[in-house]
Amino acid sequence: AAFGSVASAMGAGLTALYPPAAWACEGIISGSALPFVVFAAFSLGVALACLEIMQRLYLPINGLLASKGGARGRYTAERLRERLAGRLALPVDCPPHAPVANAVGAALTLPTAGLEVYADSGRALLRVPSLELEEKLPRAATLETVKERAVALLEERLAVHDAAGARVEVVEADLFAVLDDSGRASRDMRVRCQAVPGIAGQVGTAG
């Protein structure tokens with residue numbers, strides 16, 4: 001009886017936070033496993049639905065924002081000096097000929113570029129938000145397939161910007177198994193790749 005009272009009190013609190021918990025509490029109080037099984041199955045369905053929403057809505061939108069709004073503007077050395085001085089409340093000096101140093105650095109630095117590719121095997125669709133590109137994807141495509149396509153797309157983009165031959169690396173690759181409305185399993189995949197940072201050459205001084 002005491003256990004039943006405690007379970008009832010706990011059940012009331014859980015039900016207020018998550019109404020389906022009433023099924024689990026009913027099973028505990030009555031000693032029947034069926035209500036708890038129903039609760040577990042329902043909760044699993046809710047979790048899978050939330051994951052589906054995350055994969056189909058949040059991640060693509062987040063990738064689009066990151067690819068198009070990552071940089072908040074170009075800073076000259078003088079603007080950066082002013083910003084640092086204001087944030088640190090300390091005097092900040094800018095070296096002489098800073099624009100020249102920046103220009104030399106830009107000329108020697110390999111171009112930086114990156115892509116995020118999203119693939120949905122259930123819809124047989126591959127998307128690249130930053131390129132506004134959509135193309136058919138084989139339903140049997142694997143994460144390796146999407147990696148290879150992402151690298152190829154970035155290499156094509158680099159070639160257009162006179163950076164053919166730049167090395168490309170995959171920095172993130174995620175695969176999520178999901179269920180569609182009919183209960184059919186599919187895979188949502190996300191791959192992020194970038195040109196390998198580096199320096200195109202060196203400047204030396206005559207000794």
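**Exercise 1. Classify Cys94 and Cys193 as buried, partly exposed or exposed in this predicted model.**

Step 1. Cys94 has a relative accessible area of 31%. Buried means under 20% and exposed means over 50%, so Cys94 is partly exposed.

Step 2. Cys193 has a relative accessible area of 1%. That value is under the 20% cut-off, so Cys193 is buried.

**Exercise 2. Count the disulfides.**

Step 1. Apply the cut-off: a pair of cysteine sulfur atoms must lie within 2.5 Å.

Step 2. By this rule the count is 0 disulfides.

**Exercise 3. Describe the largest nonpolar core and find the element that gives the most to it.**

Step 1. This core holds 21 residues. Val146, Leu154 and Leu158 touch the most other members.

Step 2. List the elements that give two or more residues: strand 1 (114-120), strand 2 (125-128), helix 6 (143-160) and strand 5 (185-195).

Step 3. Pick the top contributor. Helix 6 gives the most, with 7 residues.

Step 4. Look at the surroundings of Leu154. Set aside its neighbours within four places in sequence. Leu154 is then in contact with Ala113, Gly114, Leu115, Val168, Cys193, Gln194 and Ala195.

**Exercise 4. Decide how to read residues 57-62 and 64-73.**

Step 1. Start with the whole protein. Its mean pLDDT is 74, and 64% of its residues reach 70 or more.

Step 2. Check residues 57-62. Their pLDDT is below 50, and beyond near neighbours in sequence the stretch has 9 contacts in the model.

Step 3. Check residues 64-73. Here too the pLDDT is below 50, with 8 contacts beyond near neighbours in sequence.

Step 4. Apply the general rule. Where pLDDT is low, predicted coordinates should not be read in detail.

How values were computed
Residues are numbered from 1 along each chain as its sequence is written. This is a predicted model: local features need pLDDT of at least 70, side-chain atom pairs count only at pLDDT 80 or more; totals for chains, interfaces and linings use all residues. Side-chain values use heavy atoms; hydrogens and water are left out. Buried means under 20% relative accessible area, exposed over 50%, partly exposed in between (1.4 Å probe, protein chains only). A nonpolar core is a set of buried Ala, Val, Leu, Ile, Met, Phe, Trp, Tyr and Cys residues joined through side-chain atoms within 4.5 Å. Helices (H or I, at least four residues) and strands (E, at least two) are DSSP runs, numbered from the N terminus. Contact means heavy atoms within 4.5 Å. pLDDT is the predictor's confidence in each residue, from 0 to 100.
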